[in-house]
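Here is a report on one protein chain, written for modelling work.

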Amino acid sequence: MNEATVISDDKRAGLPKKPVRYRNERRFVFAFLTPVLLLFGVFAFLPIGWSLILSLFQYNPMSDHARYVGAANYLRMLTDGVVLKSLWVTFKFVFITVISNLVITLLIAMAIQRVRVRWLKDLFRTVFFLPTIAPLAGTAIVWSTMFSYQNGLFNMILGELHIAPVQWLSDPHYALLSVIMMTLWADIGYNIVLFMAGLDSIPEMYYEAAILDGANPWHLFRHVTLPLLSRSTLFVTITTVISYFQAFPQFQIMTKGEPFNETRVLALQIYDQAFSNSNMGYASALATLFLVIILIVTVLQLKLGRTQWEY
């Protein structure tokens, strides 16, 4: 049966025209999306559903029974000072680190973009991307050594400058800043590569036209680069915010939430409740709260990005 026969049969049956190629493409899409959806269902949606159910119980993995408590775990969060402190630390860490990451990576990407020698540009791109290859846990251990009070690299530098050594990881004023420094060093390579790809996609003729109109470097950046880089900026912002909300290894290895919970992010609090205190029900409720926060922040970014940054 050829394509014309299929179309004529559809006409007689009062159906819209659907060529054979359309049907084959639809079957192809379904065939390849089904395994992916199954994987998401088993490893993402099913655990989320199980966590939602578990959040309604007081459950200890060492016990044979789980007691139904309803919304008690969620109400407990409202009076849990450690949870409220971890929320504040999480938002502060995300805000400072995301803003710093975007500014630093965009400036570095623009600087590398100005390099005209191809092999030198590729070298800079590779050098900045190398830290992202190293496991985050290993990087955290190395930086913990560098932050050591006795013989750490940073205090050695301060000693050479005749400045008193600093308790980088045990002083409440410096602990979170130390983790932020390590996180930025380990993570900026991704966004540099993404911003460079976005800059490469901007046609040169827009810059040439702006220069002919008398635009200076700031005008080029403000009125040409930023608007035409809006889609890349939106993608980088959303992925970076989600990534930093989920930050965990560096806090667990470098500070364990100390001193005085000044570096206790919500992900670390969930881990401690689940595996240190064996309170899986409460940890599941905290994880549900965490999921809702990330969803709300992501949706807000999408809405603001589409209305403010779209060109």
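Helices α2 (20–54), α13 (266–276) and α14 (280–308) each supply at least two residues of the lining of the largest pocket. Helices here are DSSP runs of H or I with at least four residues, strands are E runs of at least two, and both are numbered from the N terminus. The largest share of that lining, 9 residues, comes from α14. The lining has 23 residues, and Ser51, Ile270, Ala287, Thr288 and Phe290 lie nearest the centre of the pocket. It divides into 19 nonpolar, 4 polar and no charged residues.

The volume of the largest pocket is about 580 Å³. A pocket is an open set of points on a 1 Å grid over the protein atoms alone, where a 1.4 Å probe fits, with protein on both sides within 12 Å along at least five of seven lines; lining residues have an atom within 4 Å of a point. Grid points are joined across faces, edges and corners, and the volume is the space filled by probe spheres set on the points.

The model is predicted: local features need pLDDT of at least 70, side-chain atom pairs count only at pLDDT 80 or more, and totals for chains, interfaces and linings use all residues. Residues are numbered from 1 along each chain as its sequence is written, and side-chain values use heavy atoms, with hydrogens and water left out.

How confident is the predictor? The chain averages a pLDDT of 87, and 91% of the residues score at least 70. This score is the predictor's confidence in each residue, from 0 to 100. Among the elements of the chain, helix α4 (residues 81–113) has the highest mean pLDDT (95) and helix α1 (residues 3–12) the lowest (48). Over residues 1–10 the pLDDT is below 50, and this stretch has 12 contacts in the model beyond near neighbours in sequence. Contact means heavy atoms within 4.5 Å.

Back to α13. This helix is mostly covered, with 8 of its 11 residues buried. Among the buried ones are Leu266, Leu268, Ile270 and Asp272. Buried means under 20% relative accessible area, exposed over 50%, and partly exposed in between (1.4 Å probe, protein chains only).

Serine 55 sits in the loop between α2 and β1 (57–58). Is serine 55 buried or exposed? Its relative accessibility is 0%, so serine 55 counts as buried. The side chain of serine 55 makes a polar contact with the side chain of tyrosine 74 (2.6 Å). A polar contact is a pair of N or O atoms within 3.5 Å; within protein, one must be able to donate a hydrogen and the other to accept it, and residues adjacent in sequence count only if both atoms are side-chain atoms. Leaving out residues up to four places away in sequence, serine 55 touches Gly70, Asn73, Tyr74, Gly281, Ser284, Ala285 and Thr288.

Glutamine 301 lies in helix α14. With a relative accessible area of 12%, glutamine 301 is buried. Beyond neighbours within four places in sequence, glutamine 301 is in contact with Leu234, Thr237, Ile238 and Val241. Leucine 302 is also placed in helix α14. At 28% relative accessibility, leucine 302 counts as partly exposed.

The backbone comes next. Most residues other than glycine have a negative phi, and most peptide bonds are trans. The peptide bond from glutamate 258 to proline 259 is cis, with omega near -5°. Proline 259 is in the loop between α12 (249–254) and α13. Asparagine 261 is found in the loop between α12 and α13, and has a positive phi of about 65°. Histidine 162 has phi near 60°. The loop between α7 (153–160) and α8 (175–200) holds histidine 162, which counts as exposed at 78% relative accessibility. Just after α13, serine 278 takes a positive phi of about 55°.

| Pair | Separation in sequence | C-alpha distance |
|---|---|---|
| Arginine 222 and valine 29 | 193 residues | 42 Å |
| Leucine 302 and valine 98 | 204 residues | 16 Å |
| Aspartate 122 and alanine 31 | 91 residues | 39 Å |

Note on methods
Nonpolar A, V, L, I, M, F, W, Y, C, P; charged D, E, K, R; others polar.
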